[in-house]
Each structure stands twice: as C-alpha cells, then as structure tokens.
Amino acid sequence: MQEKIEKIKQELANLEAENITELEKIRIYFLGKKGILTALFEELKLLQPEEKKIYGKQLNELKNQIQYFINSKKRELELKSAESQTKIDFTRPADIFHPSSLHPINIVKNRIINIFARIGFDIAEDIEIEDDWHNFTALNFPTDHPARDMQDTFFIERDPDIVLRTHTSSVQIRIMESQKPPIRYIFPGRVYRNEAISSRSHVFFHQVEGLYIDYNVSFADLKDTLEYLAQSLFDPSTKIRLRPSYFPFTEPSAEMDISCNLCDGDGCSFCKNTGWVEILGCGMVHPNVLNNCNIDPNIFSGFAFGLGIERITNLLFSINDLRLFSENDLNFLHLFSTLE
Ligand code: PHE
C-alpha cells in the first residue's frame, strides 16, 4: 500500500493538462469507477484497523489533492478560453450592416404618389377618427346600409357618431367641403375594419383614394387614368378590365381587374385560373355626394377610386400574408432595403 501511495504522489507532482478533455481523462484515471485511487480505497477495506487508520488518512489526502488540482485547473482553462474568445480579430470581415429601410407599404405608397404627381394630382391626408357624416352619410350611405353594421366598423363606445374611418373616401368629403373644383387629389391613409386577423384580412390596412372633379369629367377619363396607373405600377403591357359594381357614393360604379402579373393572364393558382386579379373600386361621383358638399352636379362631374396598398404590395412582391406588414420582423423588412 505504501509503495502504491508513493507512486501516486510522484505522478501527481508531474500532472499537467492542456485542455478540458485531458483534465477529464486525469479525473477518470484517478477517481473514476475503475480509477487507481478508487481501487486503493477498495483494498483499504481488507486491511487491519490499525493500517486502515494510517492509509485511510493518506488516501483521503491524496483524493483531496487530486480534486483540488482538477478544480483549479478547470477554472484556469475556462478563463483562458473566455479570454481568447474576446480577443479582437482585426482581419475578420465586418458584420453586414443593415441601414434602416422603407416599409414595403411606404415603398408602394410613394410609387403611387409619384405616378399621380406626374399627371398633376395633389396629395392630402386627413383624420382617422371620423364622424358618421364624413365616413357614411355624406357619401350617400342609406341609414340601414350593412356597411354601418358593427361587424365592419369600429365605433367609439361613448359616441356612436364617432368611428375609426373604414375607408379613405371620408377625405373626399373633407376636400370637397373646403375646396372648389377643379379638384384633383389622391389621399393615402390608414383605415380600420372590425375583422378577424388572418393572412387575408386585418383590423387596419392602407388605401389610396383618388378624386377628380371638374367640368366634363367622364368615365373615359377615369378609365384612361386607371390604365395609366396599372401600367406604371406593373408592366407597361398590363391590361385592365372594368366590371360593373356598387358603391353608394359612385354611379355608375365599377371594380377594376388587371391582367395577372404572375402568369401574364394565362391563368395560374394566384388568379384562380381567370387571368385577372381585382385591385380597386371606382366610379363617377354620385350627384347626391356632390350636392352634400355644395358642388352643383349640373355643372361639375367627377370620378373617384380607392385601392388597397396591401393588395398592390402583395401582387408586386408576391407576399401572401397580411400579418407580415405589422409584425416588424426584421428579416422580412430587410428584404426591401434596396427598393424604392
Ligand atoms: N371606398 C371604397 C372601399 O373602401 C373604394 C372606392 C373608393 C370605391 C372610391 C369607389 C370610389 O371599398
């Protein structure tokens, strides 16, 4: 026993470990289940009580010594590796720096503003918390029109006369009440509807409204303007199609489709094999609306249209989930950092 203890003492004096793996090997060699010190403890059990006392003490001291070596060496190695990790490597290429970028909705909004600025349209913005008059009544909504229903509109609880505007058409009224024709404007802005949030609908989204009131404004002017819009936003070969529709504030009313920009009108799953996708509502401003704003419908006429910016953005950039626009996911937003 004495000899074996002496031998371990010698080995201990020369112990060295370069890394954690080596250190672990040392631990197993001495203290593991089949380690040499563990074996000596087994042998100890067979000795006489007198010897047990002497060698037991020595073995315990050895064990403590080894444990101490392992613990302190481990701390030393950990410290070293932490240091080496924080060292600055001046040759390393810099991390990619992401400057802030425009939100895709703003990119498309700006494109639409520029397209209309080229043909002499001004821009106006107005309030999002509206009264019933500007959002509904002046726009010729009958009192029992379903669009006033609680399902679509966010009413302010204490005053049902106040709503979060459900469309930018409210700005038509505000402009026509305060200006005389010729009126040639677009109104970009946020609108609100009480809908369940999903990939296809959201409680808020963005629209651009257009309004042109002057002498002799005709449906042909509307059609020309919208064709110019579609071909400027999408491809110059884009075709448009107007389908009869209904809005209380326009007569006649129409919905406009463009030839599907993904399959060039051949038919694909996106356009449900029709070759067309709907992008906006439009029509000639209803005489009642002009009257409500003190513009004489016998002298002036005009057109209006309203498009959803999200819809255009989805088409332009093949985005299929509306929620992406309001989640502020940097990985998504950075996709647009090089676009204008
Ligand atoms: N305000 C209508 C909507 O939100 C769109 C529209 C605007 C239709 C102007 C006709 C004229 O659906």
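Guide: A nitrogen atom of the ligand is 3.1 Å from an N or O atom in the side chain of His167. That is a polar contact, meaning a pair of N or O atoms within 3.5 Å; within protein, one must be able to donate a hydrogen and the other to accept it, and residues adjacent in sequence count only if both atoms are side-chain atoms. For Ser169, a side-chain N or O atom is 3.0 Å from a nitrogen atom of the ligand. Gln207 has a side-chain N or O atom 3.0 Å from an oxygen atom of the ligand. The protein covers 89% of the 330 Å² of accessible area that the ligand has on its own (Shrake-Rupley method, 1.4 Å probe; for residues, only the protein chains shown count as cover).

This is a predicted model: local features need pLDDT of at least 70, side-chain atom pairs count only at pLDDT 80 or more, and totals for chains, interfaces and linings use all residues. Residues are numbered from 1 along each chain as its sequence is written, and side-chain values use heavy atoms, without hydrogens and water.

Now the wider shell. There are 14 residues around the ligand, each with a heavy atom within 4 Å of it. His167, Ser169, Arg193, Gln207 and Gly306 come nearest. H7, E6, E9 and E10 each supply at least two shell residues. E10 gives the largest share, 3 residues. Helices (H or I, at least four residues) and strands (E, at least two) are DSSP runs, numbered from the N terminus.

These elements also meet each other. Helix H7 (residues 169-178) lies across E5, E6, strand E9 (276-285) and E10. Contact here means heavy atoms within 4.5 Å.

Note on methods. Axes fitted to C-alpha atoms, helices over the stretch in contact; angles between N-to-C directions.
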